[in-house]
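Q: Got a model open and want to talk through how it packs. Can we take it piece by piece?

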Amino acid sequence: MKSSHEVILPDFSTFHNSFFFDFLISLQSTLILFATLRNSDLISLKTKPTTAKNSIKIGNFPEAVQLYTKAIELLPDNSILYANRSMCHLTMGSPDAVNDATVSVKLDPTYAKAYYRLGAAQYSIGAFQEAKSALESGLQLVPGNYTQGA
């Protein structure tokens with residue numbers, strides 16, 4: 001007998017359209033994640049990134065770093081959270097910006113903003129060649145877009 005908490009999902013590997021396939025795999029991963037989280041985790045997951053963004057708006061970057069860290073504990077494979085925490089570290093002048101941006105790129109090599117964050121972080125520590133390389137990699141993902149911006 002199946003548990004009432006078990007999630008049964010279709011096999012998406014039969015889809016061949018790359019964008020649609022990627023979307024379905026992402027959706028499947030999200031559904032599995034939500035099925036395994038407790039209600040308190042879901043509430044926390046919904047509020048932490050929003051609260052971190054509010055902290056950024058008022059310039060409280062140390063608090064934003066703490067909140068992104070807590071969100072990362074719940075979603076350790078989320079590239080966007082690492083990229084956003086990298087931006088906070090960069091704004092505070094912390095070399096941890098490079099580490100978070102590097103993880104963001106590794107988690108999602110198709111996320112152009114992760115390369116922007118990595119390039120900015122590397123530039124801030126004087127790693128100009130590496131920064132140039134990261135920025136060029138990001139631009140290859142979005143040809144013609146020279147405003148990857150924060």
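Q: Start with Phe61. Which residues does Phe61 touch, leaving out those up to four places away in sequence?
A: This is a predicted model, so keep that in mind. In it, Phe61 touches Ile56, Met87, Cys88, Thr91 and Met92, with residues up to four places away in sequence not counted.

Q: Which residues touch the most other members of the largest nonpolar core?
A: Ile56, Phe61, Tyr68, Leu81, Met87 and Cys88. That core has 14 residues.

Q: Which helices each supply at least two residues of this core?
A: α2, α3 and α4 do. α3 spans residues 61-74. The largest share, seven residues, comes from α3.

Q: What does the second core include?
A: It is separate and has 11 residues, including Ala114, Tyr115, Leu118 and Ala134.

Q: Back to α4. How many of its residues are buried?
A: 10 of 14, so α4 is mostly covered by the under 20% cut-off for buried. The buried ones are Ser79, Leu81, Tyr82, Ala83, Asn84, Arg85, Ser86, Met87, Cys88 and His89.

Q: How far does α4 reach from its first C-alpha to its last?
A: 20 Å, close to the 20 Å expected at 1.5 Å a residue.

Q: And the ends of α4? What happens at the start?
A: A side-chain oxygen of Asn78 reaches to within 2.9 Å of the backbone nitrogen of Ile80. After the helix comes Gly93, with a positive phi near 80 degrees.

Q: Switching to Ser55. Buried or exposed?
A: Ser55 counts as buried, because its relative accessibility is 2%. Ser55 lies in helix α2, residues 39-57.

Q: Which residues does Ser55 touch?
A: Asn60, Glu63, Ala64 and Leu67. Residues up to four places away in sequence are again left out of that list.

Q: Now Val103. Which helix is Val103 in?
A: Helix α5. Val103 counts as partly exposed, because its relative accessibility is 30%.

Q: What separates the C-alpha atoms of Val103 and Ser86?
A: 9.6 Å, and the two residues are 17 apart along the chain. Ser86 is one of the buried residues of α4.

Q: Next, α6. How many residues does α6 have?
A: α6 has 13, running over residues 112-124. Its reach from first C-alpha to last is 19 Å, close to the 18 Å expected at 1.5 Å a residue.

Q: Which residues of α6 are buried?
A: Ala112, Ala114, Tyr115, Arg117, Leu118, Gly119, Ala121 and Gln122. Of those, Ala114, Tyr115 and Leu118 came up already, in the second core.

Q: Why would residues three or four places apart point the same way?
A: An α-helix has 3.6 residues a turn, so residues at that spacing point the same way.

Q: What covers the buried residues of α6?
A: The cover includes α4 (79-92), α5 (96-107) and α7 (128-141).

Q: Last topic, rings. How many aromatic pairs does the structure hold?
A: One. Tyr123 and Phe128 form the pair, edge-to-face. The rings are 5.0 Å centre to centre, with 65 degrees between the planes.

Q: Is Tyr123 buried or exposed?
A: Tyr123 counts as exposed, because its relative accessibility is 54%. Phe128 is partly exposed, with a relative accessible area of 48%.

Terms used. Residues numbered from 1 in each chain as written. Predicted model: local features only at pLDDT ≥ 70, side-chain atom pairs only at ≥ 80, totals over all residues. Heavy atoms only, no water. Helix = DSSP H or I, 4+ residues; strand = E, 2+ residues; numbered from the N terminus. Expected span 1.5 Å × (residues − 1). Buried < 20%, exposed > 50% of the residue type's maximum accessible area, 1.4 Å probe, protein only. Contact = heavy atoms within 4.5 Å. Core = buried A, V, L, I, M, F, W, Y, C linked by side-chain atoms within 4.5 Å. Phe/Tyr/Trp six-rings, centres within 6.5 Å; stacked < 30°, edge-to-face > 60°. Polar contact = N/O pair within 3.5 Å; in protein donor to acceptor, adjacent residues only side chain to side chain.
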